[in-house]
Amino acid sequence: MPLSVLDLSPVTTGISGPQALRNSIDLAKLADRLGFSRYWIAEHHNMPNIASSAPDIMIGQIAAATERLRVGSGGVMLPNHAPLQVAERYKVLEGLFPERIDLGIGRAPGTDPVTSYALRRRQDDPAGDDFLDRFQELLLFDQRGFPESHPFRKVNAMPADVPLPPIFLLGSSGYSAQLAAHVGAGFSFAHHFSDFDPVGPMTVYREQYKPSEQRPQPHAILALHVVCADTQAEAERLASSVDLNFARRRQGHYAPIPSPEEAAAYEYSASDRALIAQNRARLVVGDKAKVMAHIEPLIKATKADEVMITTMIYDHEARKHSYALMAEAFGLTKSP
């Protein structure tokens with residue numbers, strides 16, 4: 001079972017945004033040595049605990065610093081970008097790092113409504129959801145499929161002799177699963193934040209899949225939030241940062257990820273604890289044995305082709321160790 005990384009470049013109490021970005025490159029180097037398959041960078045904006053606002057820049061940096069990993073976007077939030085711009089940036093990356101780049105695409109803006117408007121203000125901004133229009137436009141630029149009468153017929157996404165990287169659609173419900181199946185793209189289900197049972201969308205994706213030239217067979221990724229440590233007690237201590245961060249976010253308070261010590265000293269209300277219990281239903285916490293006891297039935301039920309893990313905790317070294325433990329649990333092959 002391939003194992004991959006979803007990275008948001010977490011900003012924690014006491015470290016800067018630039019350090020969070022450098023930590024991502026450090027983690028990617030470790031993932032490359034440990035035998036992980038992919039390293040995807042998320043796109044979020046105006047969030048104090050996430051430094052990952054420009055995935056395409058980080059993809060280039062990480063691909064240059066690694067040798068084996070496929071590096072990609074998890075994903076490009078298409079409402080924020082002109083399709084031609086996306087096509088050109090990812091063609092450039094594919095040209096520089098052939099057969100090592102992935103183009104994951106998301107439907108949400110990855111931010112609040114005001115920030116989303118600020119990102120889009122120089123683009124055509126029609127009322128309603130124009131994701132399908134943007135996605136079709138992206139595909140037509142890649143395929144040079146605009147009709148003769150269309151004004152974009154003579155517009156080429158450069159470099160013109162480089163194809164788009166493999167496309168994955170990201171989703172947290174059934175919509176993206178059906179669309180990915182219809183266009184013959186890969187699919188990644190965001191179980192790390194979705195309240196939906198992943199079995200339904202991932203089953204629909206596989207059952208309705210239509211082979212494409214780029215991808216003859218379906219490929220479904222199950223994305224999970226995992227905190228793994230040598231002992232159950234240590235994993236719970238590390239996950240306390242996740243608990244406090246989640247409770248604060250649901251109350252509209254955004255801040256860098258707190259330390260376990262800050263989480264231990266915090267006075268939680270009954271509503272806080274209810275929110276934490278809700279998130280714990282999808283957060284995987286424990287030593288290797290307990291984590292795998294949680295993940296293996298999910299893999300079987302969803303028929304996932306790959307597992308992708310995000311770990312948003314306070315300490316960078318503990319985060320690296322969590323991924324190292326997961327590499328051992330999945331039996332990954334280290335580089336010589």
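Me: Which residues in H3 meet which residues in H5?

Reply: Keep in mind that this is a predicted model. On the H3 side you'll find Pro83, Leu84, Val86, Ala87 and Lys91, and they meet Arg134, Glu137, Leu138, Phe141 and Asp142 in H5. Sorted by class, that contact of H3 with H5 has six nonpolar, no polar and four charged residues.

Me: How do I read the geometry of that pair, and at what angle do H3 and H5 cross?

Reply: Look at the two axes. Helix H3 covers residues 83-96 and helix H5 covers residues 131-143; their axes come within 8 Å and cross at roughly 45 degrees. H3 and H5 are therefore oblique to each other. As for handedness, the crossing of H3 and H5 is right-handed.

Me: H5 has another partner, H6. Are H5 and H6 roughly parallel or oblique to each other?

Reply: Here the axes of H5 and H6 come within 13 Å, crossing at roughly 25 degrees. Angles under 35 degrees count as roughly parallel, so H5 and H6 are roughly parallel to each other. H5 passes H6 in a right-handed crossing. The contact involves Phe131, Leu132 and Phe135 from H5, together with Tyr175, Leu179 and Val183 from H6. By class, that gives six nonpolar residues, no polar ones and no charged ones.

Me: What about H11 and H12: at what angle do they pack?

Reply: Helix H11 (residues 288-302) and helix H12 (residues 316-329) pack at about 65 degrees, and their axes are 10 Å apart. The crossing of H11 past H12 is right-handed. To find the contact, click on Lys288, Val291, Met292 and Ile295 in H11, which meet Leu325, Met326, Glu328 and Ala329 in H12. The contact of H11 with H12 splits into six nonpolar, no polar and two charged residues.

Me: Now pockets. How much space lies in the largest pocket?

Reply: The general idea first: rolling a probe the size of a water molecule over the atoms shows where empty space is left. In this model, the largest pocket holds about 1,100 Å³ of space. It is lined by 41 residues, and those closest to its centre are His44, Ala190, His192, Phe193 and Arg249.

Me: Which element gives the largest share of that lining?

Reply: That's H8, with five residues of the lining of the largest pocket. Several elements each supply at least two lining residues, among them strand S3 (70-77), helix H6 (174-183), strand S7 (220-228) and helix H8 (232-250). By class, the lining of the largest pocket divides into 19 nonpolar, 17 polar and five charged residues.

Me: Last topic, the backbone. Where does Ser9 sit, and what is its phi?

Reply: As a rule, most residues other than glycine have a negative phi, and most peptide bonds are trans. You'll find Ser9 in the loop between strand S1 (3-7) and helix H1 (17-34).

Me: And which peptide bonds are cis?

Reply: One runs from Gly74 to Gly75, with omega near 5 degrees, and Gly75 is found in strand S3. Another runs from Met158 to Pro159, with omega near 0 degrees. Pro159 lies in the loop between H5 and S5.

How values were computed:
Residues are numbered from 1 along each chain as its sequence is written. This is a predicted model: local features need pLDDT of at least 70, side-chain atom pairs count only at pLDDT 80 or more; totals for chains, interfaces and linings use all residues. Side-chain values use heavy atoms; hydrogens and water are left out. Axes are lines fitted to C-alpha atoms, for helices over the stretch in contact, and angles run from 0 to 180 degrees between N-to-C directions. Helices (H or I, at least four residues) and strands (E, at least two) are DSSP runs, numbered from the N terminus. Angles under 35 degrees count as roughly parallel, over 145 as roughly antiparallel, 65 to 115 as roughly perpendicular and the rest as oblique. A crossing is left-handed if the near helix is turned anticlockwise from the far one by less than a right angle, and right-handed if clockwise. Contact means heavy atoms within 4.5 Å. Ala, Val, Leu, Ile, Met, Phe, Trp, Tyr, Cys and Pro count as nonpolar, Asp, Glu, Lys and Arg as charged, and the others, Gly among them, as polar. On a 1 Å grid over the protein atoms alone, a cavity is a set of points where a 1.4 Å probe fits but cannot get out, and a pocket is an open set with protein on both sides within 12 Å along at least five of seven lines; lining residues have an atom within 4 Å of a point. Grid points are joined across faces, edges and corners, and a volume is the space filled by probe spheres set on the points.
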